[in-house]
Amino acid sequence: SLSMELTKQAFTLKKQWNTNSRFSIPNYFVSPFRNENAVKYLKQHNSWEAYLTKKIVVMYDIKQNRVVFLIKDTSNNVVDAIGRSLNKNTKVKWLRYGKSKMPFIVEGGGDKNTIVVVEDCPSACAVSCIYTGLALLGTSLSNTILSTIKSRWSHVIICLDKDATDKALKLVDKLNFYVKTEMQMLERDLKYEDRNNILKIFKTNPSIYEQAGDL
């Protein structure tokens with residue numbers, strides 16, 4: 001059911017993905033087209049468009065049955081990878097393969113001065129339809145991530161899960177020393193929202209501070 005071009009991709013490892021960084025892509029990483037569930041995961045978690053438009057590089061870990069998002073540095077070199085298990089009963093859902101501190105960034109097609117900070121890779125992919133998405137790959141703000149944000153963007157929107165509201169507020173307070181930062185309240189994680197809903201969230205919903213100002 002795949003086109004000839006996509007079929008070729010499924011059996012080809014592109015040499016440009018290998019870099020001179022300390023992280024080397026394992027030989028058991030293959031195209032996500034080699035696994036039906038890997039493709040399904042990308043589609044169900046709103047990462048498919050980012051993959052097809054080559055905003056991101058995604059592979060499939062044959063050994064551990066994981067969808068793997070490659071992490072790049074500011075020079076576009078692959079420096080790390082993080083994989084999401086497709087096994088329902090696994091204890092380790094997300095696995096970091098390398099030791100870099102770099103966040104996962106997906107360049108957006110809209111406002112280049114604004115970045116949306118989220119927790120995971122699919123959410124960063126989903127929001128890239130309007131803004132650049134940066135996944136913390138957790139909820140902490142490392143010095144590497146802080147330096148990256150300060151050097152590239154002037155406006156930050158924090159969008160973490162509801163259960164991480166307190167941590168999100170702390171991130172806002174910390175980042176506000178360096179760049180304009182606000183927090184967007186979410187009903188559910190961005191990776192479960194389609195393009196139209198994401199556009200509505202960021203164009204019509206006020207931030208938490210704007211809501212507080214109306215009280």
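**Terms and their grounds**

Tutor: Let us begin with a bridge: Asp61 has Arg66 in E3 as its bridge partner. The model is predicted, so local features need pLDDT of at least 70 and side-chain atom pairs count only at pLDDT 80 or more, while totals for chains, interfaces and linings use all residues. Residues are numbered from 1 along each chain as its sequence is written, and side-chain values use heavy atoms, with hydrogens and water left out.

Student: What makes E2 and E3 a pair of strands?

Tutor: Strands are DSSP runs of E with at least two residues, helices are runs of H or I with at least four, and both are numbered from the N terminus. Two strands pair if DSSP finds at least two bridges between them. Strand E2 (residues 58–61) and strand E3 (residues 66–72) are joined by four bridges and run antiparallel, so they meet the definition of a pair.

Student: Why are E1 and E5 called edge strands?

Tutor: The open sheet has five strands in the order E1-E2-E3-E4-E5, with antiparallel pairing. Strand E1 (29–30) and strand E5 (94–96) each pair on one side only.

Student: In which sense do E9 and E10 pair, and what is the handedness of the crossover between them?

Tutor: Strand E9 (residues 155–158) and strand E10 (residues 180–183) pair in the parallel sense over four bridges. The chain passes from E9 through helix H6 (residues 165–175) to E10 in a right-handed β-α-β crossover. That word applies if, with the strands pointing away from the viewer, the path from the first strand over the helix to the second runs clockwise.

Student: How do you know that the buried residues of H5 lie on the same side?

Tutor: In helix H5 (residues 143–152), Ile145, Leu146, Thr148 and Ile149 are buried. These residues cover an arc of only 165 degrees around the axis, which puts them on the same side of H5; the arc is that of the directions from the helix axis to the C-beta atoms. The face turned away from the buried side carries the exposed residues Asn143 and Ser151.

Student: Why is Asn46 called partly exposed, but Lys54 exposed?

Tutor: Buried means under 20% relative accessible area, exposed over 50%, and partly exposed in between (1.4 Å probe, protein chains only). Asn46 has 24% relative accessibility, so Asn46 counts as partly exposed. Lys54 has a relative accessible area of 62%, and is therefore exposed.
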